[in-house]
Amino acid sequence: MHAITITEPGEPDVLRWTEVPDPEPGPGEVVVDVAASAVNRADLLQRQGYYAPPEGASEYPGLECSGTIAELGEGVEGWQVGDEVCALLAGGGYAEKVAVPAAQLLPVPGEVELLAAAALPEVACTVWSNVVMVAALSHGEVILIHGGAGGIGTHAIQVAKALGATVAVTAGDDQRLERCRQLGADITINYREQDFVAEIREATGGADVILDVMGAKYLDSNVKALATGGRIAVIGMQGGTKGELNLGRLIGKRGSISATTLRARPVEEKGRIVAEVRRHLWPLVEQGTVLPVIHEAFPLTEAAAAHRAMDEGGVFGKILLTAHP
């Protein structure tokens, strides 16, 4: 088979289409013939040498895929060769085939096309595990989603609206904010021109949940933007890793901060998240209430161009990589 390999840390051109050995399924795993993968920011970090795969994971980039089961490993139950699936991966999605634990498989939901399903596993598992399983967003609460135009943000808007929340988002230009509103956002904030703390407090009094991809840069402002009893879920560090936290303000608001990552978790933990997504979120996708948002699709052989597009910004939703022209 062929896969995208990283010849050395660097710019997108270090991504090369290379002939590599076929994967073999271990116990509890399946091999998937990949139809499509999707670009995540973690892939860009891995390409630059900042985010190595977890021990035992494929060295090829790609944290999700869709495709067809080609082979079953020992002990796999509930799946058959030929099933159309999408999968959460620790790596290896930028390839024609990938081995994946059966616990991390999801059926392609409802009327979603096989290629489009590749845009779902990473965002679905990240959003559901943080917004619902950790931050416990409930009907009638206010959620502030930073990076509302990205893959995580566009998915989180739809999930939060389906749960009955008031949704506020930040993004860097009015055109993408309008598209966020079309997805269901109630409050849109241009972070280049507006103070999101002032805007969210004026509109709602404060956010019950904040889904944050920025990390250190927004830490103090996020605490200021919280409502009493509010919860901050940090899932990214685009604004740095170290910040100053006013514990007095956080305690005064009876607030909490969680910080999670998905890729390095054990299969058992990922399996529990995938099971919750299948049980609670997948019906919303099957009904058409929550759908993949796709900015553009590139052939997998043009992964470098896809990474350049992500680097340049302006993406709304997910970028797909299709394995077969």
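Visitor: How many bridges join β8 to strand β11, and in which sense do the two run?

Guide: Welcome! Keep in mind that this is a predicted model. Here 3 bridges join β8 (residues 142-145) to β11 (residues 207-212), and the two strands run parallel. One place to look is isoleucine 145, which stands opposite leucine 211 in β11.

Visitor: Which strand pairs with β8 over 4 bridges?

Guide: That is β9 (residues 166-171), again in the parallel sense. To get from β8 to β9, the chain passes through helix α3 (residues 151-162), and this β-α-β crossover is right-handed.

Visitor: Which way do the side chains of β8 point, and are they buried or exposed?

Guide: The general idea comes first: side chains in a regular strand alternate between the two faces of the sheet. In β8, Val142 and Leu144 point one way, while Ile143 and Ile145 point the other way. All four are buried.

Visitor: Now for a helix. Which residues of α5 (residues 196-204) are buried?

Guide: Look for Phe196, Val197 and Ile200. They lie on the same side of α5, because they cover an arc of only 105° around the axis.

Visitor: What do the buried residues of α5 pack against?

Guide: They pack against β8, β9, β10 (187-190), β11 and α6 (219-225).

Visitor: What caps the N-terminal end of α5?

Guide: Aspartate 195 does, with a side-chain oxygen 3.0 Å from the backbone nitrogen of valine 197. Just after α5, you can find glycine 205 with a positive phi of about 90°.

Notes
Residues numbered from 1 in each chain as written. Predicted model: local features only at pLDDT ≥ 70, side-chain atom pairs only at ≥ 80, totals over all residues. Heavy atoms only, no water. Buried < 20%, exposed > 50% of the residue type's maximum accessible area, 1.4 Å probe, protein only. Pairing = 2+ DSSP bridges. Right-handed = clockwise from strand over helix to strand, strands pointing away. Arc of directions from axis to C-beta. Contact = heavy atoms within 4.5 Å. Polar contact = N/O pair within 3.5 Å; in protein donor to acceptor, adjacent residues only side chain to side chain.
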